[in-house]
Amino acid sequence: MKKWMIFLAGLCAMLAAGAGTCLAAEAGGSAASSGAAAAPLWLCIPFAGLLLCIAVLPLVKAEWWEEHQPLVVGLWSILFIVPFALTFGAGTALETVLECLVNDYLTFIVLLFGLFCVTGNITMEGDLAGSPRINVGLLALGTLLSSWIGTTGASMLMVRPVIKMNSWRKRKSHIMVFFIFLISNIGGCLTPIGDPPLLMGFMRGVPFFWSMHLLPVFVFNMLVLLFVFYWLDRRAYRKDIAEGHKPDISKPGTEIKLSGLHNLIFVVMIVAAVILSGTLPSLPAFLNAEGHVRGIHLFGEVTLTYPAVIEIAIILLAAFLSFRTTDKEIRRKNHFTWGAIREVAVLFVGIFITMQPALMILKAKGAGLGITEPFQMFWVTGALSSFLDNTPTYLVFLTTAGSLGFTEGIATTLGMVSVPVLTAISCGAVFMGANTYIGNAPNFMVKAISDENGIRMPSFFGYLAWSLAFLIPVFVLDMLLFFL
C-alpha cells in the first residue's frame with residue numbers, strides 16, 4: 001500500500017509539473033512559428049512517461065528496472081518518434097532526432113565519458129576521515145573548482161575521494177545530496193567553463209569574465225548551504241559515533257596519498273576541448289560563405305560541425321591516454337566499473353529524444369509569455385531547467401531578453417540585455433539544475449556512482465523533497481536579495 005501511495009503521489013506531482021510546463025508554453029498565444037516548432041502538447045506525453053518511469057520504477061520494481069532500462073527507454077522513444085513522424089512527416093522526424101543525437105547528446109555523453117574515465121584513474125588514500133569539518137572543506141573545494149573545470153569535471157574528480165573518506169559512516173546520503181547541490185550545480189556559475197548555458201552566452205557575445213558578476217549570489221548560496229550542511233552532518237556524525245562507527249585510522253596524524261595525478265593533464269585537455277568548442281565556431285576558418293559553421297552534412301539541415309568533431313577527438317584521446325598511462329590497480333582501488341556511465345548513457349538518450357516537443361513549444365512561445373522582470377526570469381528559467389536541458393532553456397530566455405528593447409546592459413548578438421535580467425537568467429539556469437536528478441548532467445552520475453558504492457541515495461521524489469526543503473528557501477532569499 002505504501003508503495004502505491006508513493007506511486008500515486010509521484011504521478012500527481014509529475015503530471016502537475018508537466019501540465020504546468022505545457023500550459024506556460026501555451027500561454028504564448030500565436031507566437032509559434034511554422035512546421036515542427038508548433039508541436040502539439042500531447043507529444044510531451046512520452047517525455048512525462050519516461051520521467052515517471054525513472055522516478056517510480058526504482059521504488060516499485062527495482063530489480064526489473066535495473067535489467068530493463070534500455071527496453072523502457074526504447075519504448076518511450078518510439079512512442080514519441082512514430083506519432084511525431086505521422087504528424088510532421090518521416091523526414092522531419094528523422095531530422096529532429098538526428099539533430100538531437102548529433103548536436104546535443106553526442107557531445108554531452110562524450111564529455112561525461114571522458115571525465116568519468118580520466119577521474120576514475122585518480123585515487124586518494126590516507127587516514128583523513130569524513131568528519132563535518134572535513135566534509136565542509138571538501139564541498140567548498142569542489143564548489144570552487146566547478147567554475148574552472150566545469151561542474152561535471154569537479155563532480156567526477158571529487159566524488160570518489162568524498163565517498164572514500166566517508167566510507168566508515170552509516171549516515172552519509174545527505175553528504176552526496178549536498179555534493180550535488182553545490183559541486184554539481186551552484187559552483188559552476190562564475191565562468192563559461194563552469195556550465196554549458198554560460199558557454200552558450202559567451203558564444204553569443206557575453207564577455208568571458210562577466211559571470212564574475214554572479215559572485216555575490218554564489219558566495220551567499222555557498223555559505224548558506226555549507227552552514228546548513230555542517231549542522232546536518234554534525235548531527236549525523238554524532239549518531240554514527242554513538243553507535244560505534246569509527247574510521248579505520250592505523251597511524252596518528254594525517255597522511256594523504258594521491259595516485260594517478262598525471263591524469264590532471266588529461267582533465268586540462270578535456271577542459272581545453274570544451275573551451276575550443278565555444279570559440280572555434282566564431283573563427284572565419286570554420287564559417288562558410290553563408291556564415292554557417294562548417295561540418296559533415298548528415299541529413300537535411302543536420303551537420304556535425306568541425307568544432308564538435310575536434311572536441312570529441314580531444315576528449316576521446318584524453319580518455320585513451322589516461323587508460324594507457326595509468327596502472328589498473330588505481331581503478332581497482334576506486335572500485336571503477338562501467339555501470340554508472342552505462343546507466344546515464346541509456347537514460348539520457350531517451351530524455352534527450354523525448355523532450356524535443358517540450359523544447360519546441362518553449363522555443364516557439366517563450367517570447368510570448370510576458371516575462372520581463374528579473375525575478376520572473378529567475379524562476380521560469382530555473383523551473384524549466386529543473387526538468388529540461390538548461391542550455392536551450394537559457395538560450396530561449398536570453399533571446400527573449402534581447403528582444404525587450406533594453407538600452408543599457410550587455411550587448412549580445414541577440415540584442416542588448418540588462419545586467420539584472422542576464423544575472424537572473426544565468427542564476428536560474430545554473431542553480432536550479434540542482435532541483436532534480438535530471439536537471440544537470442553530473443547529478444545522475446553522482447547518484448549512480450554513490451549507489452554503486454553502497455550509499456542509499458534518495459529516490460527521484462525523495463531527492464525532490466530535499467531540494468524543496470533546502471534549495472527552494474535559498475532561492476527565495478536569492479529573489480528577495482538580488483532579483484527584486
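Colleague: Where does L43 lie?

Modeller: L43 sits in the loop between α1 (2-26) and α2 (45-60). Helices here are DSSP runs of H or I with at least four residues, strands are runs of E with at least two, and both are numbered from the N terminus. Keep in mind that this is a predicted model, where local features need pLDDT of at least 70 and side-chain atom pairs count only at pLDDT 80 or more, while totals for chains, interfaces and linings use all residues. Residues are numbered from 1 along each chain as its sequence is written, and side-chain values use heavy atoms, leaving out hydrogens and water.

Colleague: Is that L43 buried or exposed, and what does L43 touch?

Modeller: Go by relative accessible area with a 1.4 Å probe and protein chains only: buried is under 20%, exposed is over 50%, and partly exposed is in between. L43 has 1% relative accessibility, so L43 counts as buried. For contacts, look for heavy atoms within 4.5 Å. Leaving aside residues up to four places away in sequence, L43 touches F80, P83, F84, F88 and P357. Take F80: the C-alpha atoms of L43 and F80 are 6.6 Å apart, though 37 residues separate the two in sequence.

Colleague: Zooming out, how many residues of the protein chain count as buried, in percent?

Modeller: The figure is 52% of the 484 residues. The chain comes to 18 helices and six strands. Among its contacts with a separation of 6 or more, 81% are between residues 24 or more positions apart.

Colleague: Now a helix. Which residues of α10 are buried?

Modeller: Here's the general idea: an α-helix has 3.6 residues a turn, so residues three or four places apart point the same way. In α10, the buried ones are P307, A308, E311, I312, I315, A318, A319 and S322. Seen down the helix axis, they fall within an arc of 140°, so they line one face of α10; that arc is taken over the directions from the axis to the C-beta atoms. Their cover includes α4 (90-119), α9 (264-279) and β4 (302-305).

Colleague: What should the 20 residues of α10 span?

Modeller: The rule is 1.5 Å times one less than the number of residues. For α10 (residues 306-325) that gives 28 Å, and the end C-alpha atoms are 28 Å apart, which agrees.

Colleague: On to charges. How many salt bridges does the structure hold?

Modeller: Side chains of opposite charge can pair when their charged atoms come close. The cut-off puts a side-chain nitrogen of Lys or Arg within 4 Å of a carboxyl oxygen of Asp or Glu. The structure holds seven such bridges. One of them pairs R169 with D240, with the closest N and O atoms 2.8 Å apart. R169 is in the loop between α5 (132-165) and α6 (173-182) and D240 is in helix α8 (residues 215-242), so the pair ties together parts 71 residues apart in sequence. D240 is buried at 0% relative accessibility, and R169 is buried at 3%. R171 also bridges to D240, again with closest N and O atoms 2.8 Å apart; R171 is in the loop between α5 and α6, 69 residues from D240. R171 is partly exposed, at 24%.

Colleague: By how many residues are K447 and D451 apart in α17?

Modeller: Four, which means about one helical turn within α17 (residues 441-452). K447 is buried at 15% relative accessible area, while D451 is partly exposed at 34%. Elsewhere, bridges with shared partners join R169, K170, R171, D233, D240 and E243 into one network.
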